[in-house]
Amino acid sequence: MIKPQKINKLVLATGNEGKVTELSAMLCGLDIEVLPQGEFITQEAEESGGTFVENAIIKARHAAKMSGLPAIADDSGLVVDSLEGAPGIYSARFAGPQASDQDNITKLLADMQDIPTHLRQAKFVCVLVFMRHEHDPTPLICQGVWQGQISQACHGENGFGYDPVFWLADLDCSSAQLTKQQKNTLSHRGQALQQLLSQLVG
């Protein structure tokens, strides 16, 4: 187990402002200074892996190498059953390399326009990797999964990414209609981080 008193600082290996905000908020209970990778890295790691796990490890290793600090990397995305798992690891660039969140949502809704409600199941998947250093042979790997479905239109203004179209039938709202506290408790990222925290402080 990793003892928190041995870690004074760590770097978050993501350039996504939404992820930085969410992860920083969830980590605030630890007596650890959390720094964004932008303070150390001018160029992000190339996400050349074929899975969420591979990409998270690539990003964590890159951040640890560039910063000299322990690193937490997140790789996450939306997996839609009727699209054979797409957008998956390409979620952030589903509509193209420079796509905005709205561009990606527009493409997703267009691709699913003929799919009936009962076949619109989807899930958010998050893999978090913690590496003590660049050559860490036993990184901590945690995964969270959040089940839902894709709505026919956008609802809500909170969150980021695909949140406005990720519908939660049991709550009768979208992820973008949750408060930050609700989302952090329920989400794929919140689940993965709770697993990681239990190991960091165990």
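Pro36 counts as partly exposed because its relative accessibility is 30%, where partly exposed lies between buried (under 20% relative accessible area) and exposed (over 50%), computed with a 1.4 Å probe on protein chains only. The model is predicted, so local features need pLDDT of at least 70 and side-chain atom pairs count only at pLDDT 80 or more, while totals for chains, interfaces and linings use all residues. Residues are numbered from 1 along each chain as its sequence is written, and side-chain values use heavy atoms, with hydrogens and water left out.

**Sheet**

- Seven strands make up an open sheet of mixed pairing, in the order S2-S1-S3-S4-S5-S6-S7. Strands (E, at least two residues) and helices (H or I, at least four) are DSSP runs numbered from the N terminus, and two strands pair if DSSP finds at least two bridges between them.
- The edges are strand S2 (33–36) and strand S7 (173–174), each of which pairs on one side only.
- Strand S4 (residues 121–131) pairs with strand S5 (residues 140–150) in the antiparallel sense, over ten bridges. Ala122 stands opposite Gly148 in S5.

**Surroundings of Pro36**

- Pro36 lies in strand S2.
- Apart from neighbours within four places in sequence, Pro36 is in contact (heavy atoms within 4.5 Å) with Val11 and Leu12.
- Pro36 and Gln102 are 66 residues apart along the chain, and their C-alpha atoms are separated by 25 Å.

**Helices**

- Helix H2 (residues 52–67) lies across strand S1 (9–12), strand S3 (71–80), S4 and S5, and runs at about 155° to S3. Such angles run from 0 to 180 degrees between N-to-C directions, with axes fitted as lines to C-alpha atoms, for helices over the stretch in contact.
- Helix H5 (residues 188–200) lies across S3, S4 and S5, running at about 160° to S5.
- In helix H3 (residues 101–111), the residues Asn104, Ile105, Leu108 and Leu109 are buried. Viewed down the axis of H3, these buried residues fall within an arc of 130°, so they line one face of the helix; the arc is that of the directions from the helix axis to the C-beta atoms.
- The cover over the buried residues of H3 includes S3 and S5.

**Cysteines**

- A search of the whole structure finds zero disulfides, a disulfide being a pair of cysteine sulfur atoms within 2.5 Å.
- Cys126 is buried because its relative accessibility is 0%, and Cys142 is buried at 1%.
- The closest cysteine sulfur to that of Cys126 is in Cys142, at 9.3 Å, which is too far for a bond.
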